[in-house]
Amino acid sequence: MRNIFLILLGILFCPILFSTEAFCQTGSIITQVKDSSGAAVSGAKLIIRNVATNNERTVQTDLAGTYQVLQLIPGEYEIRTEVEGFEPLTKKVFLDIGITAEVTFTLYASATTEIVEVSAANEIASRTRTESSTNVNNASIGSLPINRRNFLDFTLTSPRVVPDRVPGQGAAATSGLSFNGQPARQNNIKIDGFENNDSSNGSVRSTFSQDAVQEFQVISDSYSAEFGRALGGVVNIITKGGSNSFHTRLFGLIRNDEISARDAFTTDEPNYEQYQFGVTFGGPIKKDKAFFFTSFERLSIKQNRFVTITDQTVDALKRVGITGTTNGANPFAIGTTTTLARIDYTINPKNLFYFRYNGGFTFNGSFEPFGALISQTNSGVQNLRDNSVAFGNTYLGSSGLVNETRFIFSRREQVVSPVDNIGPQVQVVAPEGLVTTGQGTLLPQPKDDRIYQFVNNT
């Protein structure tokens, strides 16, 4: 009764109040069962088991000997077929996000042993899709070198994706990714099927540790309408969940001026510190029933930017009442904390539930870029709190019915304040060039975004 109510609620109200999307954060498997002569085997029992959680689905092939299993969480699966009079046959496949894997079983007359075939994913998976896409799996995320551990930078390894020419910093920042030459404000970044975009400027909202990412899919063009709301490209991310085994990961990175080279354009070596550390931990709450996964990551930076405005220009500005302009090394700090917690619970074989919280908290003392002939007074200080709570339920009914209900509430509170309230922005033509000082034109800038998303798919 509860699931019928949710289905009716989605059908009646989603077109008016909410967004509707297809199953964009999962994969599917098409199976075909035939005998040694090539004839279709109908009524074959198929057991699809998630290796990590032991979650199983049992289906039967149709008259054509086929069956498509929808809404499968990406990961490793074991598919076993059982038919009276034939040897049991088991195959294993690793399913990626957004992929439909085609698995064919050829059965032989009964014998005394069971056959187990282990095939590479590229030997089994037929990527039956029309869009141009690239999958970045967990192995790549964990092994490719990257600065500051921003996993979205891996998107640049995909064809037709380049860095945006617009600065990726400041109150008017973009997503930083340009697909096929399209504006970087027109992309759609999705996490577990929910949009993760700043609606005002097209930038990406707070994410989480790269160790909390299962994998993600980069779609550059020809994507289906299920994604929508994008002129450029789509980045489709899914988070990790727990399994029947406990897993933990601890990491740390230290960089400072003691082990860094001096800037070639300075006579001394200014203070520089960068510390990045974090931990992930996941496992079973109850074996084969409930699982958890958590992550925490912290980035702390203390560094300088060099302002090359000459002493003569600084003194001239002071004489006309424009104060606060300094040159040389100007220090600032950045601090970012990201957290994620996820719980997956199998209520019963037909109801799968999950809950996810993720938060991002940022202090950035150089939110608006400065340096060279731009004074630090033109910069801004960002204080950001970004929290999201999401949950979903997948109902597996009879006759192949799959109904998914998802909901998320997100709140993004951001205040960008000027470094110092010293007056309006001033630009002066000096011997060294065009000097910019004073308060930035975009500041102060408070923002409080609250987003509600409800999705029902059948």
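Which residue of β14 is the bridge partner of threonine 134? In β14, that partner is valine 218. The structure is a predicted model, in which local features need pLDDT of at least 70, side-chain atom pairs count only at pLDDT 80 or more, and totals for chains, interfaces and linings use all residues. Residues are numbered from 1 along each chain as its sequence is written, and side-chain values use heavy atoms, with hydrogens and water left out.

**Overall composition**

- The protein chain contains four helices and 25 strands; helices (H or I, at least four residues) and strands (E, at least two) are DSSP runs, numbered from the N terminus.
- Of the 458 residues in the protein chain, 48% are buried; buried means under 20% relative accessible area, exposed means over 50%, and partly exposed lies in between (1.4 Å probe, protein chains only).
- Among contacts in the protein chain with a separation of 6 or more, 67% involve residues 24 or more positions apart; a contact means heavy atoms within 4.5 Å.

**Strand β14 and its partners**

- Strand β14 spans residues 213-221, and seven of its nine residues are buried.
- Strand β9 (residues 132-136) runs antiparallel to β14 and is joined to it by five bridges; two strands count as paired if DSSP finds at least two bridges between them.
- Strand β15 (residues 234-239) is also antiparallel to β14, with six bridges joining the two.

**Nonpolar cores**

- The largest nonpolar core has 20 residues, and those with the most contacts inside it are Phe151, Phe208, Val213, Phe216, Val235 and Ile237; such a core is a set of buried Ala, Val, Leu, Ile, Met, Phe, Trp, Tyr and Cys residues joined through side-chain atoms within 4.5 Å.
- At least two residues of this core come from each of β11 (177-179), β12, β14 and β15.
- Strand β14 supplies the largest share, three residues.
- Beyond its neighbours within four places in sequence, valine 213 is in contact with Asn138, Ile141, Phe151, Phe208, Ile237, Ile238 and Lys240.
- Another core, of 19 residues, lies apart from the largest one and includes Ile79, Leu89, Ala101 and Phe105.

**The three-stranded sheet**

- Strands in the order β4-β1-β7 form an open sheet with mixed pairing.
- The edges are held by β4 (66-72) and β7 (100-107), each of which has a single partner strand, so one side of each is left without a neighbour in the sheet.
- On average, neighbouring strands of this sheet are turned by 20° against each other, direction ignored; the axes are lines fitted to C-alpha atoms, for helices over the stretch in contact, and angles run from 0 to 180 degrees between N-to-C directions.
- Strand β1 (residues 27-35) pairs with β4 in the antiparallel sense over five bridges.
- Isoleucine 29 has valine 69 as its bridge partner in β4.

**Helix α4**

- Helix α4 covers residues 311-319, and Thr313, Val314 and Leu317 in it are buried.
- The buried residues of α4 fall within an arc of 100° when seen down its axis, so they line one face of the helix; the arc is that of the directions from the helix axis to the C-beta atoms.
- Gln312 and Arg319, on the other side of α4, are exposed.
- The cover over the buried residues of α4 includes β23 (426-430) and β24 (433-437).
- Glycine 321, which follows α4, has a positive phi, near 90°.

**Salt bridges**

- There are 17 salt bridges, each defined as a side-chain nitrogen of Lys or Arg within 4 Å of a carboxyl oxygen of Asp or Glu.
- Glutamate 78 and arginine 49 form one of them, at 3.4 Å from N to O.
- This pair links distant parts of the chain, with glutamate 78 in strand β5 (residues 75-82) and arginine 49 in strand β2 (residues 45-50), 29 residues apart.
- Arginine 49 is buried, its relative accessible area being 18%.
- Aspartate 192 and arginine 342 form a salt bridge in which the closest N and O atoms are 3.7 Å apart.
- Here aspartate 192 belongs to the loop between β12 (188-191) and β13 (194-195), while arginine 342 belongs to strand β19 (residues 328-348), 150 residues apart.
- Both aspartate 192 and arginine 342 are buried.
- Arginine 411 and glutamate 413 meet in a salt bridge of 3.3 Å, N to O.
- Arginine 411 is partly exposed at 25% relative accessibility, and glutamate 413 is partly exposed at 21%.
- Salt bridges with shared partners join Asp198, Arg205, Asp386, Arg412 and Lys447 into one network.
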